[in-house]
Amino acid sequence: MTTKSPAKPVDERIQKRFDAALYAGGRPSAQTIRNFLNGTWLGEPLHVVLKDVPIGAWTVAMIFDVFDSIGNTREFALAAEASIAVGILGAVGAAATGLADWSDVDPPARKMGLLHGVLNVGATALFTTSLLLRRNKTRAAGRVAAALGYALMTYSAHLGGKMVYKHRVGVDRTDGLVFPEDFTSVLSASELADDWPTRAMHNGVPILLVRRGQRLFAMAETCSHFGGPLSEGKLVDGSIECPYHASRFALEDGRVINGPAVHSQPCLEVRIREGQIEIRKPPLGIRRAS
Ligand code: FES
């Protein structure tokens with residue numbers, strides 16, 4: 001008798017379908033779109049920037065609505081409408097970037113991210129309804145729809161904050177790693193094979209070592225995106241690809257070549273002395289590739 005494997009959670013199934021749809025047009029073009037939406041080119045998650053547009057615009061709309069309901073002033077009503085329209089435009093951008101980010105979010109934040117997205121869709125629908133009602137001269141009903149949309153958006157923003165501050169989505173996972181100031185031995189040179197990403201440890205901090213012919217590279221082994229172990233990734237040309245979500249970092253300077261990562265990897269100085277591989281933090285401090 002065959003036993004059925006348990007059904008996958010709904011958030012995982014939606015995530016997989018979204019991934020399949022995005023890559024249907026071919027991996028290179030999908031990767032270019034993803035790099036843009038993730039904010040790989042910006043060095044910060046683009047979603048974090050764009051989400052402020054609807055939050056700000058709809059907050060202003062709420063204020064204009066209060067003034068309008070007190071004085072029944074046409075100028076305030078028009079200003080509220082304009083703010084709602086700007087917020088809707090911003091919400092479209094925030095949704096596209098948020099969806100791209102969420103497609104690589106792992107549990108436990110994945111479920112929360114789905115709820116965050118659904119609530120934002122609801123808020124955007126309510127603000128769109130509000131705009132249509134106002135255009136149909138039913139301003140009072142439009143104000144009610146906007147207030148409901150704002151309540152949804154506020155709770156959703158609370159969840160977004162939780163995803164960042166509790167689950168560390170979008171946070172640089174290499175932040176706070178401590179590397180030695182002086183050259184310190186971390187591995188015997190004979191243990192580092194050519195073209196074989198290798199993990200060494202220093203005071204509990206994993207270091208990625210790569211030997212390519214005469215050249216040696218060292219960087220933080222913890223992926224800046226979600227903490228993936230880069231030593232278990234693969235070498236692609238002059239870069240290392242993370243085994244978790246396939247971010248690629250240049251060995252030369254740690255810059256992000258492909259997202260979803262947006263923060264570069266801290267690179268270290270490396271040398272061989274008396275058969276030992278030694279690493280240290282660059283004397284001028286870790287410099288992040290832009
Ligand atoms: S952990 Fe996500 S790409 Fe490395």
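User: Which strands form the open sheet of four, and in what order?
Analyst: The order is β5-β6-β7-β8, with antiparallel pairing. Strands here are DSSP runs of E with at least two residues, helices are runs of H or I with at least four, and both are numbered from the N terminus. Two strands pair if DSSP finds at least two bridges between them.

User: Before we go on, what kind of model is this?
Analyst: This is a predicted model: local features need pLDDT of at least 70, side-chain atom pairs count only at pLDDT 80 or more, and totals for chains, interfaces and linings use all residues. Residues are numbered from 1 along each chain as its sequence is written.

User: How many bridges hold β7 to β8?
Analyst: Two, in the antiparallel sense, with β7 spanning residues 248–250. R248 has N258 in β8 as its bridge partner.

User: And the six-stranded sheet, what's the strand order there?
Analyst: β1-β10-β9-β4-β3-β2, an open sheet with antiparallel pairing. Neighbouring strands are turned by 35° against each other on average, direction ignored.

User: How many bridges join β4 to β9?
Analyst: Two. β4 covers residues 215–220, β9 covers residues 267–273, and they run antiparallel. A218 pairs with L268 in β9, and M219 pairs with C267 in β9.

User: What about β9 and β10, how many bridges there?
Analyst: Five bridges join β9 to β10 (residues 276–280), again antiparallel. I272 has I277 in β10 as its bridge partner.

User: Which residue takes a positive phi in that hairpin?
Analyst: E274, with phi near 50°. The hairpin of β9 and β10 has two residues between the strands.

User: Switching to helices. At what angle do α5 and α6 pack?
Analyst: About 160°, with the axes 10 Å apart. α5 is residues 74–102 and α6 is residues 109–135. Axes are lines fitted to C-alpha atoms, for helices over the stretch in contact, and angles run from 0 to 180 degrees between N-to-C directions.

User: So how do they run relative to each other, parallel or antiparallel?
Analyst: α5 and α6 are therefore roughly antiparallel. Angles under 35 degrees count as roughly parallel, over 145 as roughly antiparallel, 65 to 115 as roughly perpendicular and the rest as oblique.

User: Is that crossing left-handed or right-handed?
Analyst: The crossing of α5 and α6 is left-handed. Left-handed has the near helix turned anticlockwise from the far one by less than a right angle, and right-handed has it turned clockwise.

User: Which residues of α5 and α6 meet?
Analyst: From α5, they include E81, I84, G87, A91 and W102. From α6, they include G113, N120, F127 and R134. Contact here puts C-beta atoms, placed from the backbone, within 7 Å.

User: How does that contact split by class?
Analyst: Nine nonpolar, eight polar and two charged residues. Ala, Val, Leu, Ile, Met, Phe, Trp, Tyr, Cys and Pro count as nonpolar, Asp, Glu, Lys and Arg as charged, and the others, Gly among them, as polar.

User: How do α6 and α7 cross?
Analyst: At roughly 160°, with axes that come within 8 Å; α7 is residues 139–165. That makes α6 roughly antiparallel to α7. The crossing is left-handed. The contact has 17 nonpolar, ten polar and three charged residues.

User: And α1 against α6, what angle?
Analyst: About 75°, with axes 9 Å apart; α1 is residues 10–22. That makes α1 roughly perpendicular to α6. D11, I14 and Q15 of α1 contact R110, K111 and L114 of α6. That is two nonpolar, one polar and three charged residues.

User: Last topic. What does the domain assignment give?
Analyst: Domain 1 (10–165) and domain 2 (184–280). Those bounds come from an automatic or database domain assignment. Their centres, taken over C-alpha atoms, are 38 Å apart.

User: How many residues does each domain put into the contact?
Analyst: Domain 1 gives 13 and domain 2 gives eight. On the domain 1 side, the largest share, four residues, comes from helix α2 (residues 27–38). That side has two nonpolar, six polar and five charged residues.

Notes: Two residues are in contact if their C-beta atoms, placed from the backbone, lie within 7 Å.
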